[in-house]
Structure formats: structure tokens, C-alpha cells
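Subject: Structure handover

Hello,

Here is the structure I said I would pass on. Please open it before reading further, and keep it in view as you go.

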Amino acid sequence: MLVLVKQISQAYQQANALARTGQNRFVPELPEVESLAIFLRERAVGRIIDWAASATFAVLKTYQPDLGALTGREITGAARHGKFLDLVIMPVAGWLRWRDDLPDKPPRPGKSPLAFRLRLEGGSGFDLTEAGTRKRLAVYLVEDPAQVPGIASLGPDPLADSFTAETLAGLLAGRRTQIKGVLRDQKIIAGIGNAYSDEVLHAAKMSPFKLAASLTPDEVAGLYTAMRGALKEAVARSGGMAAGELKAEKKAGLRVHGRAGQPCPVCGDTVREVSFADSALQYCPTCQTGGKPLADRRMSRLLK
């Protein structure tokens, strides 16, 4: 069994730098990657690979086995590991674009956004594309997903049956770190990024600056319910959608993230934004911080 693993989401630093300059960057998180897995199960599982080729030298992170080993193999499954997507193939920061009619020749390396192409027998298949100059998209061809460093270091999956409120309590215990950062840390909890951490905290009515270790048992239980609910709702909305529709669906489904200056859909207060680490977060003061705006430390530094 071979596993073709694609790291779908790019580094937060790149995405957030673009966001601060006003560009609209789509960073897939757990719900979108789960939807891509569902999409590929419906369209690729059971199909035979014609060929696979990388269009940029930097995208492929493994060299044994060679991509030629994929030709003639059957795709038997598609799975998600945090924000990683893999195709299980019998003896993939970027985005996946499904096409019903791919060229019959492998692409030549160049400066286009195309990074990788996999063609199935019959002509359909998918491209992996990556815009921008900082190339972070990674493709691994491995015998086991655990051979991919990013997967090997992942924390537990928040949608797994084994992930309970007690699991979450154990992960938060003793962490003198703001809860926003904990939710985004892939080594603690897999799959949640900047957008859905904002959504989870809004649903939990919790300040993003609250220290993880300070949560009471009731607050942990509320956070657990909000986390599972927000992620399951997002997966349910996007499940079965074509890959090209996921960006618009994600944006439409978000309640506070990316909506600074707009009314909160729960209470009507104005959604606000503050800097956080290498990015910005959005929150509702009435729902999450007792009506008090959070201090924007980015502005404080500029005023010194």
C-alpha cells in the first residue's frame, strides 16, 4: 500500500501576512480538508491512476518510491489527518482542483501556480495549485502517513470518537497559554486554524485571551461542545461540495472570523479585531468579553 499525502494548508505566516495587506487568502482547515476527502472518495476511489507528475521541483518531499510507482495503481481510499489529506493507493499549502479532462502529457516545470498533477485512466484527475512566491505546498509519497513529519507530530483529532471532554481537559491542564493559541497549535489539537478557532471561541462565549489552565470544568465542557458543534456543522455544510465551491462556502458560514465591523449574528454588537501572535483575530465583545474590547497590542507597540 502506498499513501500519497498532500499538505493542503500553507503556513500561517504567509496567509496572515497576505491578510494584513488586504488580499483574500483562503486557508483550508479541518472542515474543508474533510470535505475534500469526501469529494475524492466519491470521484477517485476505485479509479486507476494513469500517471502523476510534479510541476515544481520543490513540491515533492520524498524520492522513494518514485512517482512512476503510482501508474496503474488503484486508489482505494481518501482520509484526513488534521489538515493533511491522503489518498490510499494499492500495490497533498495549496489547493486541489478537480478536472474531468486533463492533458494526456505530464506538465513541464514552470512558473505557473500548478505544482502537481495526477491523472486517472479516462482523463479525469486533479491539479494541486499554489499561488504566491513562498512555496509551502508539500507532497509526500510514503508507505505510511506516520512517515510524514507533520502528521507524526499531530495532536488528537477533535472529531474522533476518542476525543472526549476529558481529553480536552487533559490537553488544557497546566497550560499558561492563551486559549486562542492552544486551539491553533497542531501539536496539541489537529486541524483547527485561525478561522475556526475564532468560530469555536465565539460559540463557547469565551475570550480568546483567556489562559487555558484557568478554565473551570464547566468552561471546558462548554468549549468542547462548541468545538465539536462548530466543526461538525462546517463539515455538514460543505460535505459533498466540489472542491472549487469550498472557499465561498467557508466564508459564507463564518460568524465572526473575517467579519470585523459587521454585526454579531447572535447579539448584534460590532465584531472587533485585534492582533494575535503573527495574525489577527475577530471576536464579539458582548458574547465573549463581557462587553469590554480587548486591547490591541499591535497598536500599543506602534504608539510607544
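Below is what was found in it, from the whole chain down to single residues.

**Overall**

Please bear in mind that this is a predicted model. The protein chain has 304 residues, and 52% of them count as buried. It holds 10 helices and 10 strands. Its accessible surface comes to about 13,700 Å². Carbon and sulfur atoms account for 52% of that surface.

Start with the open sheet. It has 4 strands, in the order S2-S6-S7-S5, and the pairing is antiparallel. Strands S2 (49-54) and S5 (95-99) stand at the edges. Each has a single partner strand, so one side of each is left without a neighbour in the sheet. From one strand to the next, the twist averages 15°.

S2 pairs with strand S6 (residues 114-120) in the antiparallel sense, over 5 bridges. There, Ala 53 stands opposite Arg 117 of S6.

Within the pair, Ala 79 has Asp 86 in S4 as its bridge partner.

**Helix H4**

Now move to helix H4 (residues 165-172). Which of its residues are buried? They are Leu 168, Leu 171 and Leu 172. Seen down the axis of H4, these buried residues fall within an arc of 95°, so they line one face of the helix. The face turned away from them carries the exposed residues Glu 166 and Gly 170.

What covers the buried residues of H4 includes helix H5 (179-184) and helix H7 (217-238). After H4 comes Gly 174, with a positive phi near 80°.

Setting aside residues up to four places away in sequence, Leu 172 touches Ile 179, Val 182, Ala 212, Ala 213, Leu 215, Val 220 and Leu 223. Take Leu 215 from that list. Leu 172 and Leu 215 are 43 residues apart in sequence, yet their C-alpha atoms are 8.2 Å apart in space.

**The loop between H6 and H7**

One is Ser 207, in the loop between helix H6 (194-203) and H7. Is Ser 207 buried or exposed? It is buried, because its relative accessible area is 16% and the cut-off for buried is under 20%. Leaving out neighbours within four places in sequence, Ser 207 is in contact with Ile 179, Gln 288, Thr 289 and Leu 294. Ile 179 is also among the residues that Leu 172 touches.

The other is Lys 205, found in that loop between H6 and H7. Lys 205 counts as exposed, because its relative accessibility is 51%. It is not a glycine, but its phi is positive, at about 55°. Most residues other than glycine have a negative phi.

**Cysteines**

How many disulfides are there? The count comes to 0. A disulfide is a covalent bond between the sulfur atoms of two cysteines.

The cut-off is a pair of sulfur atoms within 2.5 Å. Cys 284 is likewise in no disulfide, with the sulfur of Cys 267 as its nearest cysteine sulfur.

Cys 267 is partly exposed, because its relative accessible area is 36%. Cys 284 is buried, because its relative accessible area is 0%.

Over to you.

Best wishes

Conventions
Residues numbered from 1 in each chain as written. Predicted model: local features only at pLDDT ≥ 70, side-chain atom pairs only at ≥ 80, totals over all residues. Heavy atoms only, no water. Pairing = 2+ DSSP bridges. Helix = DSSP H or I, 4+ residues; strand = E, 2+ residues; numbered from the N terminus. Axes fitted to C-alpha atoms, helices over the stretch in contact; angles between N-to-C directions. Buried < 20%, exposed > 50% of the residue type's maximum accessible area, 1.4 Å probe, protein only. Arc of directions from axis to C-beta. Contact = heavy atoms within 4.5 Å. Areas by Shrake-Rupley, 256 points an atom, 1.4 Å probe, with all protein chains shown as cover.
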